[in-house]
Amino acid sequence: MDENTAQAFVNRDESVPLLAFSGTAGSPSPDPESKRSRLRESISNSKLKDKIQDGASSRSETGFSLQDRLLTKLLQQVIPTENIEEVLDLPPDKRSSKYIGRPGFSIPLMTNNFRRFNSRIGIIFVFQTRLIRLLTWRNPIHTLSLLAVCTFVCLDPYLLAVLPVAAALLFVMVPAYLVRHPAPPPTIAHSSYSLNGPPLAPARTIKPAAEMSKDFFRNMRDLQNSMDDFSTVHDGVLKIITPPTNFSNEALSSTIFLFLFVSTCTLFIASHLLPWRLMSLFFCWSSITLGHPSVQQFLLNNRESHLRPHERKAQSWLDAWVARDIVLDAPPETREVEVYELQRRKGGPKGEWESWIFSPSPYDPLSPQRIAGERPRGTRFFEDVCAPKGWEWGDKKWILDLGSREWVEERMVQGVEVEVEGERWVTDLVSDDETSSPPKKGKKISPGWEEGNGQGPSGMWRRRRWIRMVRRQGVSSVNDKEG
């Protein structure tokens, strides 16, 4: 390559060049008039939404192979089109296409975007490599310079405003100027090679790495390793943070919650009294010093003899404090549930009562089920009555509710006769045209309720209330039943 030719972006062991934002390399410049007309058509109200949703398909017709188009059509048939949150009644996902006006998933579009991304990601890996070399003391002079800068910033935080300006000056403007005005070769005397005058070389531009080039595959290698590093760090952080904070061990999580709450209140009141500059300086020096290989080897060699005893002592103290001061033996929540035993008269107004059903509702004369002419719902046998989901029985048997008048008044049941003694039946009062069928809409029902002994004329239905205590199930008991 000629020395005066603008260099393509090289990813390794060169100074980061000046960024240049230009059109995609290799793409012809479109005609301004045709581009303006296409833009006017694309932003029309009738086509904007369709273009956003069908962007992948429009690209596949012009820039992708037949195999990519067929694969896209197959995925469109496999992936459901309806909103799964609405079907399953789930909370809305803010990443859904309903809230984000971006193109949908497409294999050709994903492939094209990955190639473009991989050819341009090299600058990130250059920065990552140099940062690792800086923090691992590969060049002690550079690391000590970083410590000096951190020291000045920690002692005078107003210097933070200088850092981005100085970085742009030293790492962008100066290298860009030296590219156009290179230093004289060592074989030429300075007197015969003037630094003044017009530029001697073209400006350096950043170009994406060409596909199938060495830099392209280096970017793929680094991207692969970065994904593995992110997954490893992500799983390691979750392994450390999740068990103490997700209340799987309620005593430990409650202790952490208590410490965080006390720390929040303390810092809210006394944060202005802390020496933040010295603390920042100590943290900065400690973090960078721990990256030195000699310090790391020293810590590894002395961990078992010096750090392990202190770790075990601190862990035993924390366990003892949690066992002594964190009390989590509160009784589970209890509730009272009810069921109504319904009986129906057999053989007319003077017939005998027969057991009919155990229902969660009293099926009184003015209930919606009676007015609509529906039959009561429930189970025929007492043993089939189950506790609500997530609850378990708190006692061994059902108890007859002796306060029949109280629950009738509480539910404002009308047109019934209440037994305040005996078996506590609540019986329908006889209407003017009482029949064996349920009352229809408009039938005359005696208002209110009245006390009785169950010996007089009555309607076709009677009921009484049974109650029982339930308690909320814990996670272990629920898992045992499901298993």
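A residue counts as exposed when its relative accessible area is over 50%, and as buried when that value is under 20%. Keep those cut-offs handy for this tour, and remember that you're looking at a predicted model.

**Stop 1: two cysteines.** Select Cys386. Its relative accessible area is 64%, so Cys386 is exposed. Now jump to Cys284. Here the relative accessible area is 12%, so Cys284 is buried.

**Stop 2: looking for disulfides.** A disulfide is a covalent bond between the sulfur atoms of two cysteines. How many disulfides does the model have? The count is 0. Stay on Cys284 and show Cys150 too: the sulfur of Cys150 is the nearest cysteine sulfur to Cys284, 3.3 Å away, and Cys284 is in no disulfide. The cut-off is a pair of sulfur atoms within 2.5 Å.

**Stop 3: helix H6.** Select residues 107-120. That's H6, with 14 residues. From first C-alpha to last, H6 reaches 20 Å, close to the 20 Å expected at 1.5 Å a residue. Which residues of H6 are buried? Colour Pro108, Leu109, Asn112, Asn118 and Ser119, and you have them.

**Stop 4: a pair of helices.** Next, select residues 214-245 for H10 and residues 250-270 for H11. These two pack at an angle of about 95°, with their axes 7 Å apart. That angle makes H10 roughly perpendicular to H11.

Zoom in on where they touch. On the H10 side, pick Pro243, Pro244 and Thr245; they meet Leu252, Ser253 and Ile256 of H11. What sort of residues make this contact? There are 4 nonpolar and 2 polar ones, and no charged ones.

Notes: Residues are numbered from 1 along each chain as its sequence is written. This is a predicted model: local features need pLDDT of at least 70, side-chain atom pairs count only at pLDDT 80 or more; totals for chains, interfaces and linings use all residues. Side-chain values use heavy atoms; hydrogens and water are left out. Buried means under 20% relative accessible area, exposed over 50%, partly exposed in between (1.4 Å probe, protein chains only). Axes are lines fitted to C-alpha atoms, for helices over the stretch in contact, and angles run from 0 to 180 degrees between N-to-C directions. Helices (H or I, at least four residues) and strands (E, at least two) are DSSP runs, numbered from the N terminus. Angles under 35 degrees count as roughly parallel, over 145 as roughly antiparallel, 65 to 115 as roughly perpendicular and the rest as oblique. Contact means heavy atoms within 4.5 Å. Ala, Val, Leu, Ile, Met, Phe, Trp, Tyr, Cys and Pro count as nonpolar, Asp, Glu, Lys and Arg as charged, and the others, Gly among them, as polar. The expected span of a helix is 1.5 Å times one less than its number of residues.
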